[in-house]
Amino acid sequence: MSKIPFIVSARAGKLMGRENFSNPDGAIIELVKNSYDADAKQCIVVFDIPTYCKSKIDEIEHFSPIKKESIIYIIDNGEGMTKKVIEDHWMKIGTGIKEKEYLSDENRVKTGAKGIGRFALDRLGFETEMWTLSKKAKGNVGAFWKMDWQQFDNSDKPITQVLADLEIKEINIRKQIGLISENESFNKLINSLEFDKGTILKISNLKDEWFDQDITNVFKNLSALIPPKELNIPFEVFLFHSQRPKEYGIVETAFFNDYDYKIDAKYNAKTLNVDFELTRNELDIKEVKKKFDQVFLNTKKPFDLVTIENKTFKYTKSIDKILKWNLNASNRKSLKDVGSFELTFYYLKLTNSLKEGYPYKKINTTERRSILDRFGGVKIYRDSFRVRPYGDPNNDWLKLGARVAQSPASAGQRIGDWRVRPEQTAGIITISRKENPLLIDKSDRGALQENDAFETLKKIIIGVIHEFEFDRSKILNPFYLFNKELKEKAREQEIQKRAEILAEEIVANRKKVEEQIYGKRFEVDLFHQKQEEEEKKSYQKTFKDTFVAIEEQHAQKENEDVVMVRALASLGLVMSSFAHELKSIKNKSSEIYSLKKIFYQLVTEETRKKYPQLYNDSIDIFDLLSDNTERIIHWIDYTLTTIRKDKRKRGKLNVNDFFVSLNKTWKNVFKEKGIVLNVEDKTIDVEYDFRAFEMDMITIFSNLINNSIDSFERQKIINDREIFIQVKHIEQGIEIVYSDNGVGLDEIFSEKDDIFLPFTTSKKDRKGNDIGTGLGMYLVKEVITDYAGDIEILDVDEGFALKILLPTRKN
């Protein structure tokens, strides 16, 4: 049996190249990348686009490009090519030389890998000429190469019959460049640069009409794609237009020196650590020290005043703590597979906001908007060149906008739940073929393949961004609390002032009436003076209490909606946790068909005696259905009673009665799960005035119990399952210690209070996605904070424990 080879047509080769360059902009960018790979310090793009008057409308002439006379030049002072390189690599379609030798002589990681970049020339024009002088050349002996790309259009011709012209001759790069354009700026630049080596590409008989707007778009795209200044790479790109000599020039790249926050993060895939350098540039330090220095008296690093003054600080954090992941074998592999990378992230406010009362610096909003319009978005750079579309306008690939919608709280109001808006960010993620081999381009070079490594990369980036979000909310929270206290004092002073004015008016009116009836008193004795003062105080207290009561009643109506939302959220958490219970009930309910069949068979007493086994089975099914019915009734009762209107009214709450009701509500669940609830209440014989929404108390303890059940389920060894609640009245209010003997607080919570952060959960699936909502303990903390209470995670040898303080009214 003979073996026969495939024959590749010229047309097939061309189609393969065209798929990678769907638009001319991308083709030019690919050629600029080749200049970078060749260690060029400068790359110059020149458009020579003659036009003709196509039409004249209302005395206005409209010009169109002459395609056949139009030329594009790509010029660089890179290493050039020898005859051998042209023959062995340039002319070899799909060469893998850049994969094998991925580092240039200047240690740049080469951006190309597929060996089809020269088809960018075919995409732009029908003809290409190239002058190249290698850095290894002797006596300025270089190469002239010429190609007619129309040869590829012949579908009958095999690719081996497609030929280019190659001539070895003396090449003077600088002299050849001098023939290109008479543009003064262009020639001035050329005279200032070194061109003892390099390459000139001349693309003629263009395939596209290049209007001025198209060239402007290339200029803008180059600014977004070439290495930003932050990477400190000596590579500049210039663009000139022969017919528009005063336009364009050097392609400016992103550089941010006006920002509120800057985060430099280096992820090490070997150690699984992230090194952070965080710079705070948002606050007016003089204003902070002048008005708010007392706010930071008892704060710890890095949230103290000294660190805030220094602006920049460094720290290292393990990636499992950032992501709240357990480092099992699967997660460890995912975190290593993504590879090491770096992120520089900027946050820029777009308004000079005064309403929060925070000591912000004043900013130039117009300048910031201009910068973000040009360079905003979190972009990915592989080996110093941009990977699109990440960070393009309206390309919120990290779903930052969705995070804001999920948690719309303002910064500082609560620690940890503020989320940054995508339009306020800019960032540079640097990856490489060497360090991140699993972050692979799609076939059209339009983006990265959305594989497991890419998903892990996104999770790490979001985790790093959340470090900044947490830091900002933690820094601003003391200002929020300080201003809130000032507002409360101002409110009290306003109420006191209003009460005093009304009391003065009443006393003054009373005296006026008495004088009209009894005449004016000429002598004011001490008794009447003291009586008048006491009268004023009495009126003042009455009015003050009335004003406070009216405001409290108004606030209660506003809070009812908040309480309802919290309760529904808690109810949702509980119901989602027990979804499998409902499925189990549904499956068991199918036994009713077996029951019906048995009843048809066993109609009489005699039949039941004759077939005792069948009768016993029917009794078992009856018991099963009864049990399921009881469970269904329990969950319906729980759902309906939780959102009952009387539980949404603030009133005097008896703690003992509440816990008796709580135990009754959960008894069926406790029974099925083998859990014992022990309540030790020392408030039974104590008088106190504790006012609360019962729904808020349900929110607290439903979430705590739900977490305990989950903790018991995760125990590897089944022990006695117990929940302990100890209640007592102290001077400050009601103190409740809640504990269980489950697995305890997950080790991913290195800072115990992180458990109260919104959307923070230790429940993950195999790929590290959150399967818990991360809202349970956040809601618990929110309720207690609203009651001006306190919650503290306790250190215990076994299980989990916390202490809650809920203030009572002073008599």
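**A covered strand and the salt bridges beyond it**

Strand E8, residues 198-206, is mostly covered, with 8 of its 9 residues buried. The model is a predicted one. E8 pairs with strand E4 (residues 71-76), and the two run antiparallel through 6 bridges. Within that pairing, Ile71 stands opposite Ser204 of E8. E8 also pairs with strand E5 (residues 125-133), again in the antiparallel sense, over 8 bridges. Here Thr128 has Ile203 in E8 as its bridge partner. In a regular strand, side chains alternate between the two faces of the sheet.

Now step back to the whole chain. The protein chain has 811 residues, and 45% of them are buried. Its secondary structure comes to 23 helices and 24 strands. Take the contacts in the chain with a separation of 6 or more: 74% of them join residues 24 or more positions apart. The accessible surface is about 44100 Å², and carbon and sulfur atoms hold 50% of it.

Val141, Leu166 and Ile168 form it, with about 220 Å² of accessible area together. Ile168 belongs to strand E7 (residues 165-170). Ile168 counts as partly exposed because its relative accessibility is 40%.

Charged pairs come next. The structure holds 36 salt bridges. In one of them, the side chains of Lys314 and Glu277 meet at 3.5 Å, N to O. This pair links distant parts of the chain: Lys314 is in strand E13 (residues 312-318), Glu277 is in strand E12 (residues 273-280), and 37 residues separate them. Lys314 has a relative accessible area of 64%, so this residue is exposed. Glu277 is partly exposed, at 26%.

Strand E12 also supplies Arg280, whose partner Asp471 lies in helix H15 (residues 452-518), 191 residues apart in the chain. The closest N and O atoms of this salt bridge, Arg280 to Asp471, are 2.7 Å apart. Are the two residues buried or exposed? Arg280 is buried, because its relative accessibility is 6%. Asp471 is buried as well, at 4%. The cut-off for buried is under 20%.

A local pair sits in helix H12 (residues 329-337). Lys333 and Asp337 both lie in this helix, 4 residues apart, about one turn. Their side chains meet in a salt bridge of 2.7 Å, N to O. Lys333 is exposed, with a relative accessible area of 54%, while Asp337 is partly exposed at 27%.

Salt bridges also join into a network. Its members are Asp258, Asp260, Glu282, Lys349, Arg368 and Arg472.

Key. Residues are numbered from 1 along each chain as its sequence is written. This is a predicted model: local features need pLDDT of at least 70, side-chain atom pairs count only at pLDDT 80 or more; totals for chains, interfaces and linings use all residues. Side-chain values use heavy atoms; hydrogens and water are left out. Buried means under 20% relative accessible area, exposed over 50%, partly exposed in between (1.4 Å probe, protein chains only). Two strands pair if DSSP finds at least two bridges between them. Contact means heavy atoms within 4.5 Å. Accessible areas come from the Shrake-Rupley method with a 1.4 Å probe; for residues, only the protein chains shown count as cover. Patches are made of residues with over 30% relative accessible area and no salt bridge: like charges are joined within 9 Å, nonpolar side chains (Val, Leu, Ile, Met, Phe, Trp, Tyr) within 5 Å. A salt bridge is a side-chain nitrogen of Lys or Arg within 4 Å of a carboxyl oxygen of Asp or Glu.
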